[in-house]
Amino acid sequence: MIISTTPSLEGYQINQYLGIVSGETIIGANIFKDFFASITDIVGGRSSAYEQVLREAKATAISEMEAQARHFGANAIVGIDLDYETIRDGMLMVTVSGTAVKTTKL
């Protein structure tokens, strides 16, 4: 499955637009990650624990979106938009959406 943030795919023709597809993930960091992240915040640097959680959440949301697109019979998703939003302390929502399409190679 080809996924792209652009509205078109170079070298491909979009033959059919199948609809909007999306994926969502809500994640929470546990107390140990919060503790180590707070130490990193104090001394400076990057929080690898949170970065890993964000990567996993993004991958899960994209995987959900791809599954929905496959269900529609798509072989690509264009116009991908990825958003992160804090729901409350320690909770983060990752959403991704795009347009499922059928394409052929030019």
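Begin by selecting T6 together with S8: the side chain of T6 reaches the backbone oxygen of S8 at 2.6 Å. Please bear in mind throughout that this is a predicted model. T6 is located in the loop between β1 and β2. With a relative accessible area of 36%, T6 is partly exposed, because this value lies between the 20% and 50% cut-offs.

Although T6 and V78 are 72 residues apart along the chain, their C-alpha atoms are separated by 5.9 Å. Beyond the residues up to four places away in sequence, T6 touches V78 and G79.

Now move to S4, which is found in the loop between β1 (2-3) and β2. S4 has a relative accessible area of 14% and is therefore buried, the cut-off being under 20%. Display its surroundings: leaving aside neighbours within four places in sequence, S4 is in contact with L9, I77, V78, G79 and I80.

Finally, select T25 in strand β2, which spans residues 12-28. Is T25 buried or exposed? T25 is buried, since its relative accessible area of 11% is under 20%.

Two polar partners of the T25 side chain may then be shown. A polar atom of this side chain lies 3.4 Å from the backbone oxygen of A57. The T25 side chain also reaches the backbone nitrogen of A61, at 3.4 Å. To complete the view, display the residues that T25 touches, not counting those up to four places away in sequence: A57, T60, A61, L92, M93 and V94.

Conventions. Residues are numbered from 1 along each chain as its sequence is written. This is a predicted model: local features need pLDDT of at least 70, side-chain atom pairs count only at pLDDT 80 or more; totals for chains, interfaces and linings use all residues. Side-chain values use heavy atoms; hydrogens and water are left out. Helices (H or I, at least four residues) and strands (E, at least two) are DSSP runs, numbered from the N terminus. Buried means under 20% relative accessible area, exposed over 50%, partly exposed in between (1.4 Å probe, protein chains only). A polar contact is a pair of N or O atoms within 3.5 Å; within protein, one must be able to donate a hydrogen and the other to accept it, and residues adjacent in sequence count only if both atoms are side-chain atoms. Contact means heavy atoms within 4.5 Å.
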